[in-house]
Amino acid sequence: MATLGDITVSAVINLLASFAFLVAFAFLRLQPVNDRVYFPKWYLKGERQSSGNRGRGIVSKFVNLDYREYVRFLSWMPQALKMPEDELIDHAGLDSVVYLRIYLLGLKIFVPLAILAFAVLVPVNVTDGTLVNLKKDLVFSDIDKLSISNVKTGSQRFWAHLAMAYVFATWTCFVLYTEYDKVASMRIRFLASQQRRADQFTVLVRNVPPDSHESTTEHIEHFFRVNHPDHYLSHQVVYDANKLAKFVKHKEGLKNWLDYYQNKHIRHPDKRPTRKKGFLGLWGQRVDAIEFYVARIDALAKQITAERARVLKDPKSIMPVAFVSFNTRWGAAVCAQTQQSKNPTIWLTEWAPEPCDVYWRNLSIPFVALAIRRLMMAVALFFLVFFFMIPIAFVQSLANLEGIEKVAPFLRPVIEVKVIKSFLQGFLPGLALKIFLIVLPTILMIMSRIEGHQALSVLERRAAAKYYYFMLVNVFLGSIIAGTAFQQLHSFLHQSPTQIPKTIGVSIPMKATFFITYIMVDGWAGIAGEILRLKPLIIYHLKNMLLVKTEKDRAKAMDPGSVGFPEALPQLQLYFLLGLVYAIITPILLPFVIIFFGFAYLVYRHQVINVYNQEYESVAAFWPHVHGRIIAAMVISQLLLLGLLSTKEAANSTPLLLALPVLTIWFHKYCKTRFEPAFRRYPLEEAMAKDTLERATEANLNIRRYLKNAYLHPIFKTEEDDDNEMGEWRDDDSVVPTKRQQSQVHTPVTSEHSYHASPVYEAEEYYHYDV
């Protein structure tokens, strides 16, 4: 059990680590050579140029020699708060702004709760002194004296906790309601103010039934001409081009190696670089490296040409999936939000994702296989959660050394060394848990991809949901259960079985010390490490040294990254859960949560402004999930308090708590009915209004040309297609960039779901549109 001294040691270590990260960041961000690492978004938007000309001479191209900027090394903090929210929406998108508002939501909820808890509950708890009388049976620390565990069984003081439970729930629901209303209004305004987007006119159609008399392309056209005669415009069938995409990706990898050896030869022209022909260059005949990769690339280019021709000519490559475009938003909304056939399992329609949001690899998965894949991943997630309890139990063994000492006294001489004990209990448990969780988001994202979702935004939301369930079961409940078993092992072995529930009820609040150490490691030092961007910094300089030959190559070497919703949202939801659960049980945890929300808001606001370049814009589609999980955290906190008071024999006050979870769930249902339709449907009234305005202001708009190549698989696009994509085509076939195209710049695509290559055939050979 971590003591107050152990928590202090952990706080000092994490504060020093955080300060060191911030100082390192403040120094590194000022160096011209790192400018593209810490300000990549401004380079992508074309509003920032190389900063290597700040002074004269070669040194100034790499090192900032202006001492005045080092004096103001913390100036990034006020600068991160200067940009107004409306300007930030235009700059970074609604997804990023709503994500930042979640941190403000945490502050709005927990700052008043902390004030009330310390004013009312802490004095009630600390003046009772029950734990002192039980110290021979239970392991506890000074921090536990501030918790509800310090109130004796059957005390009238529990009325204070009951009253605060209702006050806390009322305030939390009020803040959640106002925030849901605000976010829904922001979403509606954002959609209304947006310039034309291809996904506003396009519907994704899945499970197209086969027809013995027509090809898939003809069947799709016939169906929509019959059922949507006034609004159907064109469609793009989906090809199974995954094999071709792998070839293109492999070619890009070979091209990087060729660039590396060519740069190496330029630096040492008197010596030709060589490598072995075997696997990874580890064995085989030694050959000229440049000639080797040129030959490999040429051979692969021929394979790509042949595979592209096969895909375009083979009818079996056409999948029963298509992007169907309409000449109005109203027509697309009607199709996307209605049932197309009397058989509800065919002609399934939904809104198409943004072109940059499409996960092309999964579009070729047969519809029947999707259900099987998702069942398999659900089973796999269950076993992953189950077996991860082993490292969780190990972490809890580090957090509860006193319980181990009673069972294994021979370890006491080592454990009782003051410095070692403080480090083990105050810092190591949180660090160990953080290390165990590092690879988990990657595993869960792979599982979500296997499930077959067709959009990146959906993939990330599903991965975030899995991570949240994992954090709830393993990190929260698992830590409490395993920690209680280790911590009170002596009591479990020497008391009547009927007393075990009471012991657990008293012990749950004592896990606050472990979660405090986790918050400091993950929420303090971890957030400070996020702003340092050490991994992107190293990768950028390696690429700059080994692969970059032109300014275009240097731009590709930048890795602005994104918010990372699969990991960031579950982390936030865990902090809401911890804060709501321990607000009444152990209020001392609240200041640590508040520091996390405030510090993380500052850091992520800076990153959103200067670094992150979101791949897609879902218009805050994740918000209903965030709201629902905060509600779930409230219900869990109320049920745990109900169970805890039942072990405390608070017979008079406990029954009154039964109504609180019911009222909270009713509140959630009301919010779901009131606000969630704005996140699930596009109002026909709004669609018609935008169509009418567009016809009045842009009578010469050629919508067919505008949508022509929007949903063409990237591996079939020419560079001209990429340049013209999402532009406004007029009747004279000229292109006028949209406001969105001018203001929003996406990261150069390098991920596995998108590939760019020069096609062999013109778009008209494989893009079907009506005549």
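Student: Let's start with a pair: what does Val203 stand opposite in S5?

Tutor: Val203 stands opposite Val324 in S5. Keep in mind that this is a predicted model, where local features need pLDDT of at least 70, side-chain atom pairs count only at pLDDT 80 or more, and totals for chains, interfaces and linings use all residues. Residues are numbered from 1 along each chain as its sequence is written, and side-chain values use heavy atoms, with hydrogens and water left out.

Student: What makes S1 and S5 a pair?

Tutor: Two strands pair if DSSP finds at least two bridges between them. S1 and S5 (residues 318-326) have four bridges, in the antiparallel sense, so they count as paired.

Student: And which way do S1 and S6 run?

Tutor: Antiparallel, joined by four bridges. There, Leu204 stands opposite Glu350.

Student: Why is S1 called mostly covered?

Tutor: Buried means under 20% relative accessible area (exposed is over 50%, partly exposed in between; 1.4 Å probe, protein chains only). Five of the five residues of S1 are buried. Thr202, Leu204 and Arg206 point one way, Val203 and Val205 the other. In a regular strand, side chains alternate between the two faces of the sheet.

Student: What are the class counts in the lining of the second largest pocket?

Tutor: That lining has 15 nonpolar, ten polar and 14 charged residues. Ala, Val, Leu, Ile, Met, Phe, Trp, Tyr, Cys and Pro count as nonpolar, Asp, Glu, Lys and Arg as charged, and the others, Gly among them, as polar.

Terms used: Helices (H or I, at least four residues) and strands (E, at least two) are DSSP runs, numbered from the N terminus.
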